[in-house]
Amino acid sequence: EELDAAVDEFVLAILRSSPAVVALGKQAFYSQVDADQHTAYSQTEPLMVKNALMEDAQEGMEAFLQKRPPRWGGR
């Protein structure tokens with residue numbers, strides 16, 4: 001029962017997130033999932049920078065600081 005509630009909460013958090021940022025995160029995860037730690041960091045570092053520079057990521061940070069819901073643009 002607690003697991004179902006936790007899963008529901010997790011899924012809703014993902015659904016509230018920017019689809020573009022989630023897609024990039026999934027790309028980063030799958031690109032390094034079988035790699036050793038050094039290789040994984042090397043592979044995901046450029047994607048993390050790209051993520052932080054995306055318009056949706058910037059919108060998410062601004063919305064958080066302004067204590068308002070984000071308005072995702074898909075970029």
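Contact here means heavy atoms within 4.5 Å. The views show a predicted model, in which local features need pLDDT of at least 70 and side-chain atom pairs count only at pLDDT 80 or more, while totals for chains, interfaces and linings use all residues. Residues are numbered from 1 along each chain as its sequence is written, and side-chain values use heavy atoms, with hydrogens and water left out.

**View 1. Contacts of Ala20.** Leaving aside residues up to four places away in sequence, Ala20 touches Met54, Asp56, Gly74 and Arg75.

View 2. Helices are DSSP runs (H or I, at least four residues), numbered from the N terminus. H2 has 14 residues and spans 20 Å from its first C-alpha to its last, close to the 20 Å expected at 1.5 Å a residue, where the expected span is 1.5 Å times one less than the number of residues. Ala20, Leu24, Ala28 and Gln32 of H2 are buried (under 20% relative accessible area, with exposed over 50% and partly exposed in between; 1.4 Å probe, protein chains only). These residues cover an arc of only 90° around the axis, and therefore lie on the same side of H2; the arc is that of the directions from the helix axis to the C-beta atoms. The face turned away from the buried side carries the exposed residues Pro19 and Tyr30, whereas the cover over the buried residues includes helix H3 (37-53) and H4.

**View 3. Surroundings of Gly73.** Gly73, in the segment after helix H4 (55-65), is partly exposed, with a relative accessible area of 36%. The C-alpha atoms of Gly73 and Asp56 are separated by 6.3 Å, although these residues are 17 residues apart along the chain.

Notes
Helix = DSSP H or I, 4+ residues; strand = E, 2+ residues; numbered from the N terminus.
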